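This report goes through one model, from the ligand shell to the sheet, the domains and the backbone. Please look at the sequence and structure first.

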Amino acid sequence: MLQTLKPVPPDALLAVTEAFRADPSRDKVDLGVGVYRDATGITPVPRAVRAAEQKLLARQTSKAYVGQGGNRPFATFMEKLALGSNHPALRDGRVTTLQSVGGTGALRLVAELMRLSGYAREVRVSNPTWANHIPVLQGAGLATAAYPYYDIAGGQLLADRMLEALDACEPGTVVLLHGSCHNPTGADPHPGHWTELAELMDRRGLIPFVDLAYQGLGRGLDADAAGLRLLCERLPEVLVALSCSKNFGLYRERVGAVMCVAEHAAAATTAMSQLQALARRNYSMPPDHGAAIVAEIASDQALLGDWQQELDDMRDRVNGLRRSLSTALRGELGGGRFDFIEQQAGMFSMLGLPPAAVERLRSEHHVYTAPDSRLNIAGLSGKEIAAVAAAIAAVSRD
Ligand SMILES: Cc1ncc(COP(=O)(O)O)c(C=O)c1O
């Protein structure tokens, strides 16, 4: 059997990492990675995570399975983090949440739930979107199609075109939205656009599927969830994939959650029973450690405060780098071609450069971005900004 399989071509982004490793230059800069880095270039374990792990280690007496739905205090905390503690959907008991294997696991479980329902046949995704969205959705047997979202060359959100395209979708179409810090563009809908999206989706009978993987890294924990909260107030059903990889720095622990906001409490209960059955068929029982860390932090005011402080610091660092890079590029090129970098949010922006310019950035200047010219702003240490701006300017001029 195995000899009948065709090899999968290497992932283009991983190839960038390989090329970066092989580059002997001492001045090389890796802006291709998809993880937060601090000023010293490492992806830190947050202080609160370390402290929570120590407490757990001292206390844990068993490694027996956790329950099918995962860690319940964790799920309750995630609902409150995403929706705020007093959201009407929570008061009405129409929210249900299952611990998942990272945000990706949550996306996959929601996709399988949709397929199982037989109701939702097609998912609309933004153009562009995170590289793994389409494979995850299609891998679960769903059809995908794109809606206009961003003008890559001009660095602008195409809000009107997005709204127009969604207005033409069939009722029952699922629309995948990035809750905040859109990956790969960094361009988010403004509050007014979220109001229009909620009105339109309600009127047209569309189902929002919100991927919230960067809560707290864009404009703040509440601001980054404001669009999601509005949709959950206005619409009967919202599906949500949550991730603790970025905001808790728990990447390799694989912790996230599926949150379903249903029309009635009974529908939420049924959705949970199906999610548990899907999880059982996939991996049987959820892992413990990542969710236990988050629950431990949530249960301790001092740890919770320290986590929020460190998250605020991470966000401030990224936003400071955005400002510095925009300013340096204005200095190099005059005009405001790259001012969008300062206005956007989260770890990523797209330079909008053609493949030949991306290649020159690598070969002539040792600056590594993703092949589509997405750069991870958090991959910059402050002292590299002048050189990186000069390199981008050099390949943008001609
Ligand atoms: C938009 C988006 N969604 C979801 C994820 C999933 O993250 P994880 O599975 O590591 O929690 C990522 C990770 O890069 C992402 O960028």
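How do the residues of the shell around the ligand divide into nonpolar, polar and charged? They divide into three nonpolar, nine polar and one charged. In this classification Ala, Val, Leu, Ile, Met, Phe, Trp, Tyr, Cys and Pro count as nonpolar, Asp, Glu, Lys and Arg as charged, and the others, Gly among them, as polar.

The model is predicted: local features need pLDDT of at least 70, side-chain atom pairs count only at pLDDT 80 or more, and totals for chains, interfaces and linings use all residues. Residues are numbered from 1 along each chain as its sequence is written.

**Ligand shell**

The ligand is surrounded by 13 residues, and the closest are Gly102, Gly103, Thr104, Ala213 and Ser243. Helices (H or I, at least four residues) and strands (E, at least two) are DSSP runs, numbered from the N terminus.

**The sheet**

Seven strands form an open sheet with mixed pairing, in the order β2-β10-β9-β8-β7-β3-β4. The edges are β2 (95-100) and β4 (143-148); each has a single partner strand, so one side of each is left without a neighbour in the sheet. On average, neighbouring strands of this sheet are turned by 25 degrees against each other, direction ignored. Two strands pair if DSSP finds at least two bridges between them. Strands of a sheet pair through backbone hydrogen bonds, either parallel or antiparallel.

The table sets out two of the pairings, each with one residue pair.

| Strands | Sense | Bridges | Residue pair |
|---|---|---|---|
| β3 and β7 | parallel | two bridges | Arg124 and Val175 |

Strand β3 covers residues 122-127 and strand β7 residues 174-178.

A residue is buried if 20 or more other C-beta atoms lie within 10 Å of its own, exposed if 12 or fewer, and partly exposed in between, with C-beta atoms placed from the backbone. Val95, Thr97 and Gln99 point one way from β2, while Thr96, Leu98 and Ser100 point the other way, and all are buried. Helix α10 (residues 265-283) lies across β2 and β10 (256-261), and runs at about 15 degrees to β2. Axes here are lines fitted to C-alpha atoms, for helices over the stretch in contact, and angles run from 0 to 180 degrees between N-to-C directions.

**Two domains**

The chain is divided into domain 1 (10-45 + 311-397) and domain 2 (65-299). These bounds come from an automatic or database domain assignment. Between the C-alpha centres of domain 1 and domain 2 the distance is 28 Å. Contact between them involves 21 residues of domain 1 and 22 residues of domain 2, where two residues are in contact if their C-beta atoms, placed from the backbone, lie within 7 Å. On the side of domain 1 that touches domain 2, the elements that give two or more residues are α12 and β11 (348-350). Of these, α12 gives the most, with four residues. By class, this side of domain 1 has 13 nonpolar, five polar and three charged residues.

Leu304 is in helix α12 (residues 301-333). Leu304 counts as partly exposed because it has 15 C-beta neighbours inside 10 Å. Leaving aside its neighbours within four places in sequence, Leu304 is in contact with Ile297 and Ala298. Gln54 is 250 residues from Leu304 in sequence, and their C-alpha atoms are 15 Å apart.

**Backbone exceptions**

Most residues other than glycine have a negative phi, and most peptide bonds are trans. Two cis peptide bonds come first. The bond from Asn127 to Pro128 is cis, with omega near 0 degrees, and Pro128 is in the loop between β3 and α6 (133-139). The bond from Asn183 to Pro184 is also cis, with omega near 25 degrees, and Pro184 is in the loop between β7 and α8 (191-204).

The loop between β7 and α8 also holds Cys181, whose phi is positive, near 55 degrees. Cys181 is buried, since 26 other C-beta atoms lie within 10 Å. Ser284 has a positive phi near 70 degrees and is placed in the loop between α10 and α11 (289-298). With 9 C-beta neighbours inside 10 Å, Ser284 counts as exposed.

Terms used. Near = placed C-beta within 6 Å.
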